[in-house]
Amino acid sequence: MSNGPSRRLVLGLGTALAMNALPAFTAHAAPHRPVTSPLVPADEATTLWYPEPADEDLLIEQGLPLGNGRLGALVGADPARELLHVTDATLWTGGANTTLDGDGQFPYGRDDFGSFTLLARVMVSLPGHERSAVTDYRRTLDLSNGLVTTAYTKDRVRYVREMFSSGPDDTIVVRLRQSGGGSLTGAVILSGTHGETTGVDKDRRLASFSAALGNTLRYAAAVTAAGDGTIAATGTRVTFTDCTEVTLVISGGTDYAPDHATGYRAPDADPLALAQDKALAAARTPAVRLRDTHVADYRSRYDRLTLDLGRSGGGQRKLDTWSRLRARAAEGSAPDPELEASYLQFGRYLTICGSRDGLPMGLQGLWLEGNTPDWMGDYHTDINIQMNYWLADRAGLGDTFPALADYCLAQLPAWSDVTRKQFNDPRNRYRNTTGEVAGWTVAFSTNPYGGLGWWWHPVGNAWLCESLYEHYEFTQDTEYLSRIMPLLKGACEFWQARLVTTTVDGREVLIDDHDWSPEQGPQDARGITYAQELLWSLFGHYEEACRTLGRDAEHAAVVAELRARLYLPEVSPKSGRLEEWMSEDDLGETTHRHLSPLVNLFPGDRIRPDAGEPELLAGATELLASRGMESYGWACAWRAACWARLKDADKAYQLVLTNLAPWSGGDTGTAMNFFDMYRVSDTRAIFQIDANLGTPTAMLEMLVHSRPGRIELLPALPEAWAASGSVTGAGARGGFTVDMSWERGRVRTATIRSVGGRRTTVVIGGRARDVVLKPGEAVTLRGR
């Protein structure tokens, strides 16, 4: 689960102490891994590019993201004034937030629940390099190498800027260089965002600050420079004069630790010393070495999946990214499969940058424009955090998933404690009428301190466990399964105490107590489809886990009996749709953004086109159709994944294009920098990362559908991708990966490789083939 002690540092400067009983930070540079991969050549790399720098006031829409799973930045790439909005994933205000208010909600504000915030703003000043003074400008996000580059010409000298957030060195690096006899003179200026005072260490040529939030979380940031000219520190900045090349290094962190027993703090950590030592250690390393080590580390993940959806036209290829997005959205435009493939790879880039072995990605991942993100940038448990991790295993990035599992395990003691003390509070409208309480659950919002926000969300525990168990289905990793068993078991115990008995058609069944189908309809309905479906999956996964691990057989038998008695949702004879409530009538909005009743169409498996009940499938299809084809980005992504499960390529692809269209004030759309924009008012939209990760998930589902025991290839291939294409390294549940090529809509060859699975059925063009492999083995199948 870990990449070694040096990588544990990126969780927050104190995380290692809690996780591994290792020192929270080492004062020397992290050991460098051997550089085994050179740069992908520019003419082969997948890139986003722009002929203008980002507008400082629109950085969230135009800035380009960097990240190493903990330390992130949005960068603007202005030649004279490079602005970086720097984040640390653990820099959160707020706290445990354990008491309910008079309306039965957990407080949900920046001071009580808390908010994800910026660590620092860093500005790189290059006087004389104003935009009006340069030509041949180009900024690029190189997805293949994990670099942001800026290049331009001034006075016949070519200047190049490389930026990246290194995992191995745990720093952000800005490398400035030139060719043609010029020089670099300027400064890097460090500013806090919470009223901090920046100071300098002249002897070590370092600028830094340290402070503590109101919740006692300590944090710090530091910058330094290395170059062949004069380097100095003064005021709030580090200056460089007459350099032919200069390397700027940014570091920082907090004393957060994922340990409930220590109040989520590493008491012995010194964030300031750690930040300074990290920055100085990296600055002593040659810039090329820093870059190549970063690229090798990044490509060790990125290269696991390749994707070819077909060739785009020469005219499309010549366009900058923003012009290309707008051209694709124009009425009557030709398909642009390379653009669509780059959108999927951008989702993978965000996953690599946003999730390693620290905190998981919340609503905005690692990237902020200020300290007041909508919904606090939190972890929403009724779809958003789950959607953030649908992509990981499908896209060859399974080692980014444990961030979610580690987070849930670190929060479990707090969640269990507050559930026991507060869930049956009379103010909680969802309290158990049985009077009993056990196990754990969550509210709609969670933070890193065990804190909950907004309403209780009873079935949020099962929804999280759905995602956690799915990772096991992809990996067949029994050690991981053993680690998450306390979460699975505690969720089952919660529902043992909560379920109530009712009679349906003369049969006694078990149903959810008073609850809310997110985020619409009555808030006191029993037996909501959302809960019944998730419980059916939770109980089944727990039984399978107990059987696989050879433990808790008696408890598994009890849970199996509960599962057998669950009420399973029905199709309304009035509407022909799967019921969202135990009613023939719709009790909310027919076109609502959430697809909560369809959790067992996607990502679950009870409702499926190749087996099961035809009437149930028809009812689910009718419900999905009634929700419509327009909504917010994450909602369109979920719709696309569901239509892919139903093998409707046209509708799935239409929804992909809806999210890929340039944002122009509607509910969804893609900004210049490929961030999905979520409209919150008629005049304002925000970045929300779930669509950026959910839409690529739907695209992969169009190519490979899997569940344990079955892999179906090209279940929903759209015409735009049908001519020819390939994918390698796609994850398949049951413990396999898939390499596949196709022509004219038909599979040519497919290689199925076991990463732990032993037996599955592979369906190609409607023909089923049984495959038996040992872990590490592979078999190649040919299409018709």
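Q: At what angle do helix α17 and helix α18 pack?
A: This is a predicted model, in which local features need pLDDT of at least 70, side-chain atom pairs count only at pLDDT 80 or more, and totals for chains, interfaces and linings use all residues. Residues are numbered from 1 along each chain as its sequence is written, and side-chain values use heavy atoms, with hydrogens and water left out. Helices (H or I, at least four residues) and strands (E, at least two) are DSSP runs numbered from the N terminus, and axes are lines fitted to C-alpha atoms, for helices over the stretch in contact, with angles from 0 to 180 degrees between N-to-C directions. Helix α17 (residues 633-645) and helix α18 (residues 649-660) have axes 8 Å apart and pack at an angle of about 160 degrees.

Q: Is α17 roughly parallel or roughly antiparallel to α18?
A: Angles under 35 degrees count as roughly parallel, over 145 as roughly antiparallel, 65 to 115 as roughly perpendicular and the rest as oblique. The angle of about 160 degrees between the two helices therefore makes α17, relative to α18, roughly antiparallel.

Q: How many residues of the contact of α17 with α18 are charged?
A: Contact means heavy atoms within 4.5 Å. On the α17 side the residues are G633, C636, A637, R639, A640, W643 and A644, and they meet K651, A652, L655, T658 and N659 in α18. Ala, Val, Leu, Ile, Met, Phe, Trp, Tyr, Cys and Pro count as nonpolar, Asp, Glu, Lys and Arg as charged, and the others, Gly among them, as polar. On that basis the contact holds seven nonpolar residues and three polar ones, while the number of charged residues is two.

Q: Does α12 pass α13 in a left-handed or a right-handed crossing?
A: The axes of helix α12 (residues 460-475) and α13 come within 10 Å and cross at roughly 160 degrees, so these helices are roughly antiparallel to each other. A crossing is left-handed if the near helix is turned anticlockwise from the far one by less than a right angle, and right-handed if clockwise. The crossing of α12 and α13 is left-handed.

Q: Which helix holds R483, the partner of D406?
A: D406 and R483 form a salt bridge, and their closest N and O atoms are 2.8 Å apart. The pair ties together parts that are 77 residues apart in sequence, because D406 lies in helix α11 (residues 402-422) and R483 in helix α13.

Q: Is R483 buried or partly exposed?
A: Buried means under 20% relative accessible area, exposed over 50%, and partly exposed in between (1.4 Å probe, protein chains only). D406 is buried, at 9%. R483, at 29% relative accessibility, is partly exposed.

Q: Why does R299 count as buried?
A: R299 meets D303 in a salt bridge of 2.8 Å, N to O. D303 is partly exposed, because its relative accessibility is 34%. R299 counts as buried because its relative accessible area is 14%.

Q: What is the phi of D505?
A: D505 lies in the loop between β21 (500-504) and β22 (507-511), and it is exposed, with a relative accessible area of 75%. D505 is a residue other than glycine, yet its phi is positive, near 55 degrees.

Q: Which residue is joined to P518 by a cis peptide bond?
A: The bond has an omega of about -25 degrees.

Key: Salt bridge = Lys/Arg side-chain N within 4 Å of Asp/Glu carboxyl O.
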